[in-house]
Amino acid sequence: MIEVNELRVRFGAIEAVKGVSFRVPQGASFGLVGESGSGKSTVLRALSGLNRDWSGDIVIAEKGQGPVRDKDFFRRVQMVFQDPYGSLHPRQTVDRALSEPLLVHGIGDVDARVRRALAEVALPAMLRFRYPHQLSGGQRQRVAIARALMAEPEVLLLDEPTSALDVSVQAEVLNLLSDLQRARNLTYIMVSHNLAVVAHLCSEIGVMQGGEMVELLSADDLRAGRISHPHTKALRALSIELEEPEMAKSA
Amino acid sequence: MQVVVRNLRIAFPSPQGPTEAVRGVSFALGQEKLGIVGESGSGKSLTARSILRLLPRQAQVSAETIEFDGIDVLKANETRMRAIRGKRAGLIMQDPKFSLNPVMTAGQQIAEAWHAHRGGSRKEAKDAAVELLAQVQIRDPKRVADMYPHELSGGMGQRAMIAMMLAPDPELLIADEPTSALDATVQAEILRLIEDLVSRRGMGLILISHDLPLVSHFCDRVLVMYAGRVVEEARAGELARAKHPYTRGLLDCLPSLVQPKPRLAVMRRDPAWLGT
Amino acid sequence: MTPPMSLTREWLLTDAPESRRQAGLGRLYRGWLQFRRNYLAMAGLVAAVFLIIVSLLAPVLSPYDPSAQDLTNRFGPVSAAHWFGTDEVGRDLLTRLLYGGRVTLGMVVAIMVLVAPVGLLVGTVAGYAGGVADRILMRITDVFLAFPRLILALAFVAALRPGITSAIIAIALTAWPPYARLARAETLTIRNADFIAAVRLTGASATRIVMRHIAPLCVSSLIVRVTLDMSGIILTAAGLGFLGMGAQPPMPEWGTMIATTRGQILDAWWVPTIPGVAIFVASLAFNLLGDGLRDVLDPKQG
């Protein structure tokens with residue numbers, strides 16, 4: 001479904017992504033993990049078409065993609081952003097935000113589709129005409145997910161979708177993402193710095209450091225510790241150490 | 001240095017009448033590390049800030065006691081509070097980009113904090129600033145001292161912030177979600193740094209976070225807050241055996257790297273937790 | 001669910017609006033409630049509305065004809081027959097003030113209607129497009145910004161015919177650049193927001209993004225700027241009138257009224273002073289109104 005080959009991204013003199021390659025079959029979820037500055041979000045933005053200065057090959061649904069994408073691409077590939085407080089237009093109601101993709105693509109039956117979208121992300125209908133500042137962080141993120149799904153895409157790019165949410169809300173959103181993937185056979189690429197979250201949702205994981213993909217492994221391998229690269233080992237060790245609340249040391 | 005808070009209540013005016021954000025919170029803290037954990041809206045930030053009376057103007061605070069080292073915080077005048085804030089107790093916030101002055105270099109801000117509370121010459125303050133930056137484990141302190149906040153990474157900015165707060169040699173440090181904007185690796189480094197500095201200087205620490213396992217690693221005691229009340233108080237090592245369903249819920253809904261869960265447990269909020 | 005035509009407070013403030021209209025009206029109502037709490041702003045609003053209504057109703061309210069001269073009663077004092085006295089050719093001052101308000105305030109409104117949309121368009125396009133288009137548009141803006149307002153107005157008016165139309169065009173030409181800059185600055189900030197990235201990801205055209213998503217966010221600060229600028233425009237128009245370059249006699253205009261009678265400031269002091277007070281009140285009213293609007297509309301405040 002998605003094939004990336006030798007992707008390179010420069011910002012001025014700095015090469016933020018140095019030749020990254022990976023493949024994601026249809027219906028699968030791929031995780032990109034790494035520290036801040038590792039280049040993982042940059043890869044996602046290049047894939048989404050938001051960033052046009054890249055070189056290499058990006059093939060989505062068997063079509064090679066160039067720097068400028070067409071409307072058909074935007075119908076197939078959508079993105080969910082990290083910050084729920086910035087991803088919705090402050091002066092537009094939920095209804096308007098959800099209608100916009102339909103209006104741009106010329107899809108009819110707007111009212112029914114909006115109502116269905118709200119139900120699909122488990123948002124009560126009474127939120128339909130609220131403004132973003134009247135919603136909680138979790139509710140906004142659900143709206144963002146609903147918005148991404150309005151034009152019935154095949155691929156969802158998720159940029160740290162739960163990093164800014166409380167853990168209980170994170171659990172709900174992650175469950176929602178799993179359910180949606182199963183129901184619609186979506187392909188996910190998720191970026192996160194939280195290994196536990198990525199391993200929960202994704203079957204294949206790419207580890208990035210300093211702009212390079214230092215390791216490609218399955219979630220099972222990561223859990224079991226069948227790791228080759230030291231950076232991955234360090235990330236896993238840290239995640240496990242901080243995961244469990246510390247047990248009382250014997251006096 | 002003892003902090004004592006008894007029956008703290010904080011309310012905000014609203015069109016429907018005053019709404020209480022903190023509803024009867026009590027705790028005491030000595031030379032130890034206390035973690036306050038809760039989700040957004042639980043009142044954890046307000047609780048900690050009330051010790052320094054750093055609340056928004058429209059907040060209505062009432063309590064039986066709020067004491068900092070014997071000083072009655074509720075009744076103290078502004079001059080007394082200013083002698084406490086900064087000099088005896090420091091506050092670190094979440095995003096250094098917003099809490100550091102963007103038009104001054106890191107070194108200048110730390111030197112100013114030093115100078116304001118310790119006096120001395122400009123040169124002494126400058127040297128002290130570089131020394132503090134080294135203490136917060138910045139590799140090239142002289143170079144970083146001349147950098148502006150927007151040139152610093154998130155982790156370095158937080159270290160500069162910590163250096164600034166430690167300059168007057170305070171007795172208490174309040175850290176309000178200091179690492180929520182940082183990635184996992186830097187988070188751990190910063191918290192270890194805070195833990196180390198606090199232990200070495202014999203300070204008290206209040207660490208506020210929404211991350212329960214994280215807090216349990218860096219604190220001696222943990223308070224869990226929900227909807228303005230403390231629902232559980234436990235020693236850090238005993239959290240895994242927590243009793244209150246909300247605390248258990250917080251722990252259970254986390255994804256785990258070692259234990260795959262097909263579906264994450266979702267918190268069922270019992271209205272009984274809201275108390276009377 | 002058909003919306004009740006009774007715009008009750010409850011309907012407006014509901015937590016669950018059932019239509020876009022209800023949500024939009026609710027938002028306006030909430031903003032109005034917040035505005036209402038600011039006494040100074042309300043005073044400004046009341047004064048501004050009063051002045052506008054009174055000017056519009058000038059033909060109805062004036063006791064006399066604005067050009068009716070009475071040379072036997074020049075510089076007449078305040079009296080029952082002439083509430084504000086008479087001017088240098090015996091015309092009733094109250095009447096002249098009311099009709100003058102139409103001219104002065106009318107000029108200001110005309111200027112604003114020209115200037116704000118142009119500034120908004122230039123600024124948002126420059127801010128969003130960036131690159132060469134931005135540079136060209138901003139250099140054009142700089143050219144107009146470089147002219148001192150009054151001097152350009154004078155030159156323009158002198159080159160054309162002195163009169164209200166020329167004055168309006170002249171002031172408008174120098175008044176629009178700050179709006180373009182303001183709109184551009186806002187656009188530069190908004191452009192990088194995630195919600196704009198989300199709209200770009202729908203494949204929307206740049207025009208749609210600028211017109212439907214960015215421009216509406218700039219409108220608030222432009223409205224605030226307009227009201228705050230109004231006082232300055234009133235003063236500039238009055239200044240032109242004072243220099244004889246704006247409204248031409250016998251057309252009443254507050255600035256001209258001061259100009260032609262300023263020699264009488266010591267004798268018949270009310271004749272130049274009263275139009276001056278009118279200018280002062282109008283400027284202050286719009287200033288207070290603008291301050292109040294900024295507190296309500298500016299998203300950066302809290």
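Trainee: Among contacts in chain A between residues at least 6 apart in sequence, what percentage join residues at least 24 apart?
Mentor: That's 66%. Two residues are in contact here if their C-beta atoms, placed from the backbone, lie within 7 Å.

Trainee: What should I know about the model and the numbering?
Mentor: It's a predicted model, where local features need pLDDT of at least 70 and side-chain atom pairs count only at pLDDT 80 or more, while totals for chains, interfaces and linings use all residues. Residues are numbered from 1 along each chain as its sequence is written, and chains are lettered from A and ligands numbered from 1 in the order in which they are written.

Trainee: OK, how many helices and strands in chain A?
Mentor: Nine helices and 10 strands. Those are DSSP runs numbered from the N terminus, helices being H or I with at least four residues and strands E with at least two.

Trainee: And what does the radius of gyration of chain A agree with?
Mentor: A compact globule of 251 residues would come out near 18 Å, and chain A has 19 Å, which agrees. The radius is taken over C-alpha atoms, and the globule rule is 2.2 Å times the number of residues to the power 0.38. The C-alpha trace of chain A spans about 55 × 55 × 35 Å along its principal axes.

Trainee: What share of chain A counts as buried?
Mentor: 53% of its 251 residues. Buried means 20 or more other C-beta atoms within 10 Å of a residue's own, exposed means 12 or fewer, and partly exposed is in between, with C-beta atoms placed from the backbone.

Trainee: Switching to strands: how do strands 1 and 4 of chain A pair?
Mentor: Strand 1 (residues 2–11) and strand 4 (residues 54–60) of chain A are antiparallel, over six bridges. Pairing needs at least two bridges found by DSSP. Ile2(A), for one, has Ile60(A) in strand 4 as its bridge partner.

Trainee: What does strand 4 of chain A form with strand 5 of chain A?
Mentor: A hairpin, with two residues between the strands. Ala61(A) in that turn has a positive phi of about 50 degrees. Val59(A) has Gly64(A) in strand 5 as its bridge partner.

Trainee: Now the chains. Which pair has the most contacts?
Mentor: Chains A and B, out of the two pairs that touch. There, 30 residues of chain A meet 34 residues of chain B.

Trainee: What about chains B and C, how far apart are their closest C-alpha atoms?
Mentor: They lie 11 Å apart, and no contact joins the two chains.

Trainee: And how many residues does the contact between A and C take from each chain?
Mentor: 23 from chain C and 24 from chain A. On the chain C side, helix 10 gives the most, with six residues.
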